[in-house]
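Visitor: I would like to learn how to read a structure like this one, step by step. Could you take me through it slowly?

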Amino acid sequence: DHDIYPSPSFVQFLIDHALRELHVPEDGCVIVYSNGQEITHAGKMQGEMVVSKWGMAHLWEHRIYEVPITYGSDVRFFESIAEEESVRWFLEYAQLELKGRSP
């Protein structure tokens, strides 16, 4: 079974390889939530609001800290990358994941 999807480990992979951290949020940037140990959620800033998908449900628009407490209160902001670049990074991530797994 090789289910590979844009998981928290993929977000960490992007942070390690492709994203540049911002000290203050800016429109269109990526916001990443963690509980201190692991990434729990991510979204995109639109003005002062965050647009994100919660589970398999709808896209939600919410303020930065209007999230379930389980998402944690540690937030970081990163410059967004182009869709084509994110697809390229995801394919690289997926290849590395598949190499690391046994059949």
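Visitor: Which residues of α1 are buried?

Guide: This is a predicted model, and in it Phe-10, Val-11, Phe-13, Leu-14 and Ile-15 of helix α1 are buried. These buried residues pack against β2, β3, β6 and α2.

Visitor: How is the sheet put together, and what is the order of its strands?

Guide: The general idea is that strands of a sheet pair through backbone hydrogen bonds, either parallel or antiparallel. Here the sheet is open and has 6 strands, paired in the antiparallel sense and placed in the order β1-β6-β2-β3-β4-β5. Its edge strands are β1 (21–22) and β5, each of which pairs on one side only. Helix α1 packs on this sheet, where it touches β2, β3 and β6, and the direction of α1 makes about 65° with that of β3.

Visitor: How many bridges join β1 and β6, and which residue is the bridge partner of Leu-22?

Guide: The antiparallel pairing of β1 with β6 runs over 2 bridges, and the partner of Leu-22 is Phe-77 in β6.

Visitor: What should I look for where β2 meets β3?

Guide: Look for the bridges and then for the turn. Strands β2 and β3 (residues 39–46) are antiparallel and pair over 5 bridges, and within this pairing Ile-31 stands opposite Gly-43 of β3. The two strands form a hairpin with 4 residues between them, and there Gly-36 takes a positive phi near 100°.

Visitor: How many residues lie between β3 and β4 in their hairpin?

Guide: That hairpin has 2 residues between its strands, and Gly-47 in the turn has a positive phi of about 65°. Strand β4 (residues 49–53) runs antiparallel to β3 and is joined to β3 by 3 bridges, and Gln-46 has Met-49 in β4 as its bridge partner.

Visitor: Is His-62 buried or exposed?

Guide: A residue counts as buried when its relative accessible area is under 20%; His-62 has 3%, so His-62 is buried. His-62 is placed in strand β5, and the side chain of His-62 makes a polar contact of 2.7 Å with the side chain of Ser-52. Not counting residues up to four places away in sequence, His-62 touches Tyr-33, His-41, Met-49, Val-50, Ser-52, Trp-54 and Val-67.

Visitor: And what can be said of Ser-34, with its relative accessible area of 15%?

Guide: By the cut-off of 20%, Ser-34 is buried too, because its value is 15%. Ser-34 lies in strand β2, and the residues in contact with Ser-34, apart from neighbours within four places in sequence, are Ile-39, Thr-40, Tyr-71, Gly-72, Ser-73 and Asp-74.

Visitor: How should I read the aromatic rings, and how many aromatic pairs are there?

Guide: Two rings pair if their centres lie within 6.5 Å, and planes over 60 degrees apart make the pair edge-to-face. The count comes to 6 aromatic pairs by this rule. Take Phe-10 and Phe-90, whose ring centres are 5.1 Å apart and whose planes are at 85°, so this pair is edge-to-face. The pair links distant parts of the chain, since Phe-10 is in helix α1 (residues 8–17) and Phe-90 is in helix α2 (residues 83–100), 80 residues apart. Phe-10 is buried at 7% relative accessible area, whereas Phe-90, at 21%, counts as partly exposed.

Visitor: What kind of pair do Tyr-33 and Tyr-71 form?

Guide: Tyr-33 and Tyr-71 form a tilted pair, with 6.4 Å from centre to centre and 50° between the planes. Tyr-33 lies in strand β2 (residues 30–34) and Tyr-71 in the loop between β5 (59–62) and β6 (74–78), so the pair ties together parts that are 38 residues apart in sequence. Both of these tyrosines, Tyr-33 and Tyr-71, are buried.

Visitor: Which residues form the aromatic cluster?

Guide: One cluster is formed by Phe-10, Phe-13, Trp-89, Phe-90 and Tyr-93. Over the face of Trp-89 lies Arg-88, at 5.0 Å from the ring centre.

Key:
Residues are numbered from 1 along each chain as its sequence is written. This is a predicted model: local features need pLDDT of at least 70, side-chain atom pairs count only at pLDDT 80 or more; totals for chains, interfaces and linings use all residues. Side-chain values use heavy atoms; hydrogens and water are left out. Rings of Phe, Tyr and Trp (its six-membered ring) pair if their centres lie within 6.5 Å; planes under 30 degrees apart count as stacked, over 60 as edge-to-face and the rest as tilted. Buried means under 20% relative accessible area, exposed over 50%, partly exposed in between (1.4 Å probe, protein chains only). A charge sits over a ring if NZ of Lys or CZ of Arg is within 6 Å of the ring centre and within 35 degrees of the ring normal. Contact means heavy atoms within 4.5 Å. A polar contact is a pair of N or O atoms within 3.5 Å; within protein, one must be able to donate a hydrogen and the other to accept it, and residues adjacent in sequence count only if both atoms are side-chain atoms. Two strands pair if DSSP finds at least two bridges between them. Axes are lines fitted to C-alpha atoms, for helices over the stretch in contact, and angles run from 0 to 180 degrees between N-to-C directions.
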